[in-house]
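Please keep the sequence and the structure in view while reading.

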Amino acid sequence: TRSLVTIAMLAALKAPAELKGHVLGALRNGCSVAEIQEVLLQVAVYCGAPAGIDAFRAAREVIEEWQSGENE
């Protein structure tokens, strides 16, 4: 829960560099990609599309790297 709340706050603050580290931490803590996406969707709705789009871009980079590492 803390990881998801942190992701939401960093996304709302438009802090993509810090967000990336916390997305990775959330994945390592057992959060699913779907849970992270749901949080970012809420950010887009309540904080505005620009914040949501920036957050989705930053998270996508980390998630894709995480998923490719799992397949090795």
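Predicted model: local features only at pLDDT ≥ 70, side-chain atom pairs only at ≥ 80, totals over all residues.

**The nonpolar patch**

Leu41, Val45, Tyr46 and Phe56 together make a nonpolar surface patch of about 440 Å². Helix 3, which spans residues 33–47, supplies the largest share of the patch, namely three residues.

Val45 is one of the patch residues, and its place is in helix 3. Val45 counts as exposed because its relative accessibility is 56%, and the term exposed requires a value over 50%.

Phe56, another member of the patch, belongs to helix 4, which covers residues 49–70. With a relative accessibility of 33%, Phe56 counts as partly exposed; this class lies between the limits of 20% and 50%. When neighbours within four places in sequence are left aside, Phe56 is in contact with Gln37, Leu40 and Leu41. Leu41 is itself part of the nonpolar patch. The position of Phe56 can also be described relative to Val23: the two residues are 33 apart in sequence, and their C-alpha atoms are 11 Å apart in space.

**The salt bridges**

Side chains of opposite charge can pair when their charged atoms come close. How many salt bridges does a search of the whole structure find? The search finds two, and they are set out below.

| Salt bridge | Distance, N to O |
|---|---|
| Glu61 and Lys20 | 2.7 Å |
| Arg57 and Asp54 | 3.6 Å |

In the bridge of Glu61 and Lys20, the side chains of the two residues meet. Glu61 lies in helix 4 and Lys20 in helix 2 (residues 16–28), so this pair ties together parts of the chain that are 41 residues apart in sequence. Glu61 counts as partly exposed, since its relative accessibility is 45%. Lys20 also falls in the partly exposed class, at 28% relative accessibility.

Arg57 is counted as partly exposed because its relative accessibility is 46%. Asp54, with a relative accessible area of 33%, is partly exposed as well.

**Helix 4 in summary**

Notes
Residues numbered from 1 in each chain as written. Heavy atoms only, no water. Patch = residues over 30% accessible without salt bridge, like charges linked within 9 Å, V, L, I, M, F, W, Y side chains within 5 Å. Areas by Shrake-Rupley, 256 points an atom, 1.4 Å probe, with all protein chains shown as cover. Salt bridge = Lys/Arg side-chain N within 4 Å of Asp/Glu carboxyl O. Helix = DSSP H or I, 4+ residues; strand = E, 2+ residues; numbered from the N terminus. Buried < 20%, exposed > 50% of the residue type's maximum accessible area, 1.4 Å probe, protein only. Contact = heavy atoms within 4.5 Å.
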